[in-house]
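Me: Please take a close look at a single part of this model. Keep it brisk, and spell out the cut-offs.

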Amino acid sequence: MQKLISEINKSQLILSHQFGFRHKHATIEQTHRITNKITFAIETKTARHLFIDVSQAFDKVWHDRLLYKIFCTLPTKFHAVLKSYIYRFFYVKQQEALIKIYKISSGILQRSPWSHTILVIYSRSINYGYHYCHLR
């Protein structure tokens, strides 16, 4: 976990205005920053803001998109580790017979030391879209 955090900080993957789930970045500071920006925009009549409800954010993480972002931004060694952490499966049984196994394609576990870091990586805007990123 510490190596992942070190690599994320070194590559400046997390933007300076990302406050949630970061060491020495209290969310109240982000609230003050946003309030100041809104006040300035209203005073200068340039208000153009969008507010997004991030309720159930952990449940909405699309695995393929997350792994693409990890692949494009972090060293290759983290891709396999995080892939094994992210992917989960469930199965359907009828009596004692296994009927089918399904891959869960979205959502990340919330009670893990990695959860918040993964959510920050996922929510970080990357200009790659779903296009080409530098293949290694």
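Reply:

H63 is found in helix α3; helices (H or I, at least four residues) are DSSP runs, numbered from the N terminus. This is a predicted model, where local features need pLDDT of at least 70, side-chain atom pairs count only at pLDDT 80 or more, and totals for chains, interfaces and linings use all residues. Residues are numbered from 1 along each chain as its sequence is written, and side-chain values use heavy atoms, with hydrogens and water left out.

H63 counts as buried because its relative accessibility is 1% (buried means under 20% relative accessible area, with a 1.4 Å probe and protein chains only). Its side chain reaches the backbone oxygen of I104 at 3.0 Å. Leaving out residues up to four places away in sequence, H63 touches I86, Y87, R88, I104, S105, S106 and G107 (contact means heavy atoms within 4.5 Å).

Now the helix packing. Helix α3 (residues 63-73) packs against helix α5 (residues 115-123) at about 85°, with axes 9 Å apart. Axes are lines fitted to C-alpha atoms over the stretch in contact, and angles run from 0 to 180 degrees between N-to-C directions. The angle therefore makes α3 roughly perpendicular to α5 (65 to 115 degrees). From α3, R65, L66, K69 and I70 meet I118, I121, Y122 and S123 of α5.

Then the core. The largest nonpolar core has 17 residues, and L66 and I70 are among those with the most contacts inside it. Such a core is a set of buried Ala, Val, Leu, Ile, Met, Phe, Trp, Tyr and Cys residues joined through side-chain atoms within 4.5 Å. Helix α5 gives the most to this core, with 4 residues.

Conventions:
Helices (H or I, at least four residues) and strands (E, at least two) are DSSP runs, numbered from the N terminus. Angles under 35 degrees count as roughly parallel, over 145 as roughly antiparallel, 65 to 115 as roughly perpendicular and the rest as oblique. Buried means under 20% relative accessible area, exposed over 50%, partly exposed in between (1.4 Å probe, protein chains only). A polar contact is a pair of N or O atoms within 3.5 Å; within protein, one must be able to donate a hydrogen and the other to accept it, and residues adjacent in sequence count only if both atoms are side-chain atoms.
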